[in-house]
Amino acid sequence: MRTLTRRLMSRFIAGGVASSCLTGLAAPFVWAQSNMAKLRVGYVPVIDTTAFFVAQSQGFFKEERLDVEATPVLGGGPALSALAAAQFELAMATVTSVLLGAAQGFDFRIVTAVAAVGSGPPDEIAALLVRKGGGIKRGSDCQGKRCAVQLLNNLPWLCLRLWIDSTGGSSSKVSIVEVPFPQMSDALLGNRVDLVAINEPFLSAAIRNAPDKVEIAAWSISQTLPNTIVASFNATQEYLDKHGEVVHAFSRAYKKAVDWTVENKGNPVLEELISKFTRLPADQVRSLMVWPKFVKSVDPVSLDTMARAMQRYGLLKSLPDSALLIYDSARI
Amino acid sequence: MGWLLSGRRLGLWFVVLLLAAWELSARTGLVSSPNWPPVSAVFAALGREIGDGTLLPAMLGTLYRMAVGFSVGSIAGILLGLLMGANQWVRWMLEPTLEFLRPLPVPALVPPLILFLGLDDPMKISIVAFTAMFPVLINTLEGAISIEPTYRAVAATFGIPWLGTLCRVLFPAALPYVFAGLRISLGLSFVVAVAGEMIAGSSGVGYYLVSMQYAGRAADMCGALLLLGLCGYAVNWSFLCIDHRVLHWHARSFSE
């Protein structure tokens, strides 16, 4: 019995020493983890979000002591709803959704730019695709035709109407229907619609699969709203008032990632990363015709231009204060 | 040869025929679209996605949310149905509200629910429970009010209290109706669980379907649909086994 007790005691002491050593080794890690700011971010898994994943994979967030928990969402609408419900600290959405939300009284603020378009390809994300020989070259050719967009009252719909009206047509006399991006080429080739406002990677896929049947009538966004911010990461004013420094840290990491992304365009490492988070096959990533422009700040002028276009087509009753909508971290 | 084409095997052969037609239509170019992959590619994608551990956890997540929502909705439906069947004042009080809520489409409910419940399981389980409740409620109510008046009279004669009558007379007598409602709700729960994930999800088969659709991976998407169909078939078959066991005394169950 005495031997048993001695054995038990020695095992107990050995266990205690081992636990203490392990705790001692783990302590700096635990301390470091507890000193990191936790950030729940909702993102849409599209190519636009590339810089965000570069920041994750290259450790830029960790360098800024951020513990980022990324949750994929299927669109900006659910992302902003979850942001308003305080399920996320930051949420990605198109700028049109943010402007609409702000107009409805939600206190959203743009904290970083995600993607923009330039003045033409390759800095573009979408095109207006038509059937070859279908006779549509300008907006005036769309009278009485059926056009398809992914979502009504969103950016592609807005740009389509701008293009029709600026090239001799009247967008109020054109039928615009909703068709999901993956089904757009089927709808076009099946003569269900006459024009589709289609984004990458579906644009490249449609042209690759039927090069003799479809053609690009116009570049959707860069021809109507050139040099415009398309998507952003957003937060609520309430969160920014309490944790502004966390958002600034996020923005610093994000901007580093944008630089890395721009420097490494065409690098297989970047293509593999995009393939991983978008689930797109790697060969499709490599064969994209156009890419979003990764930018580090939001120009209030481009936001005003977008807002005026939205007001023109009845999406906004009054123009928002762009200066108020753009948080410090997203300014030029 | 007769054995091969007899009875339930005929249904199996019909499925094989449809799959063969699908494969031929894709291979010969009769239907030419990247969204119409050959069946062989679909099975290959399904095998790959199950093998690398992507699809099964998503499926289990969906089944979990479906099961919880179905259970909550069914229990609520049974309790409300019995209460409304046992007491006409309760029925008069609740019926207008329930009939107003019943036709509301789930996709319209998701956005406001996100505001209150977020994007995760509470929201998805809530919409499944909401959907599952009504068929069970209506069938239970119908069962409760269709009971032979003699049963209630006998219960009253024996001095059984109100709660006892509810549990030992009304509920057993309404059980065939309850199970009919449960079977309808089970299918709806499955559909709504997947639909909720497709509208506002970050996990589950519904989210997986939309991700694959938007990644241009039609074969993977069709593979997930195939798995969904198989799981739905298995869940329904399991329910029928339970149905036959519990309602073995009921004439209807002998005819299936």
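**Close-up views of a two-chain model**

On helix H12 of chain A, the exposed residues A:Val301 and A:Arg308 sit on the face turned away from the buried side. The model shown in these views is predicted.

**View 1. Helix H12 of chain A and what covers it.** H12(A) spans residues 300–312, 13 residues in total, and reaches 18 Å from its first C-alpha to its last, close to the 18 Å expected at 1.5 Å a residue. Its buried residues are A:Ser302, A:Leu303, A:Met306, A:Ala307, A:Ala309 and A:Met310. These cover an arc of only 160 degrees around the axis, which puts them on the same side of H12(A). An α-helix has 3.6 residues a turn, so residues three or four places apart point the same way. Just after H12(A), A:Gly314 has a positive phi of about 80 degrees.

**View 2. Helix H5 of chain B.** This helix covers residues 106–117, and B:Val110, B:Leu113 and B:Ile114 are its buried residues. They share one side of H5(B), because the arc they cover around the axis is only 115 degrees. On the other side of H5(B), the exposed residues are B:Ala108, B:Pro112 and B:Phe116. The packing partners of the buried residues come from both chains: H4 of chain A, and helix H6 (121–145) and H8 of chain B. Just after H5(B), B:Gly118 takes a positive phi of about 85 degrees.

**View 3. The side of chain A that touches chain B.** Contacts between the chains involve 23 residues of chain A and 20 residues of chain B. On the chain A side, the elements giving two or more residues are strand S2 (66–72), helix H4 (76–84) and helix H8 (202–209). H4(A) provides the largest share, four residues. By type, the residues on this side of chain A are 14 nonpolar, seven polar and two charged.

**View 4. The largest nonpolar core.** This core has 169 residues, and those with the most contacts inside it are A:Leu128, A:Leu129, A:Leu160, A:Val196, A:Ile198 and A:Val230. Helix H8 of chain B (residues 162–200) gives the largest share, 15 residues. The core lies between domain 2 (39–119 + 244–330) and domain 3 (126–219) of chain A, because both give residues to it. In soluble globular proteins, nonpolar side chains tend to be buried together. Leaving aside residues up to four places away in sequence, A:Leu160 touches A:Leu128, A:Cys147, A:Val149, A:Ile176 and A:Ala197.

**View 5. B:Leu225 in helix H10 of chain B.** B:Leu225 belongs to helix H10, residues 218–246 of chain B. The C-alpha atom of B:Leu225 is separated by 9.6 Å from that of B:Leu46, with the two residues 179 apart along the chain.

**View 6. Chain A as a whole.** Chain A contains 13 helices and 10 strands. Of its 332 residues, 48% count as buried. Among contacts in chain A with a separation of 6 or more, 79% join residues 24 or more positions apart.

Terms used:
Residues are numbered from 1 along each chain as its sequence is written. Chains are lettered from A and ligands numbered from 1 in the order in which they are written. This is a predicted model: local features need pLDDT of at least 70, side-chain atom pairs count only at pLDDT 80 or more; totals for chains, interfaces and linings use all residues. Two residues are in contact if their C-beta atoms, placed from the backbone, lie within 7 Å. Ala, Val, Leu, Ile, Met, Phe, Trp, Tyr, Cys and Pro count as nonpolar, Asp, Glu, Lys and Arg as charged, and the others, Gly among them, as polar. A nonpolar core is a set of buried Ala, Val, Leu, Ile, Met, Phe, Trp, Tyr and Cys residues joined through C-beta atoms within 7 Å. A residue is buried if 20 or more other C-beta atoms lie within 10 Å of its own, exposed if 12 or fewer, and partly exposed in between; C-beta atoms are placed from the backbone. Domain bounds come from an automatic or database domain assignment. The arc is that of the directions from the helix axis to the C-beta atoms. The expected span of a helix is 1.5 Å times one less than its number of residues.
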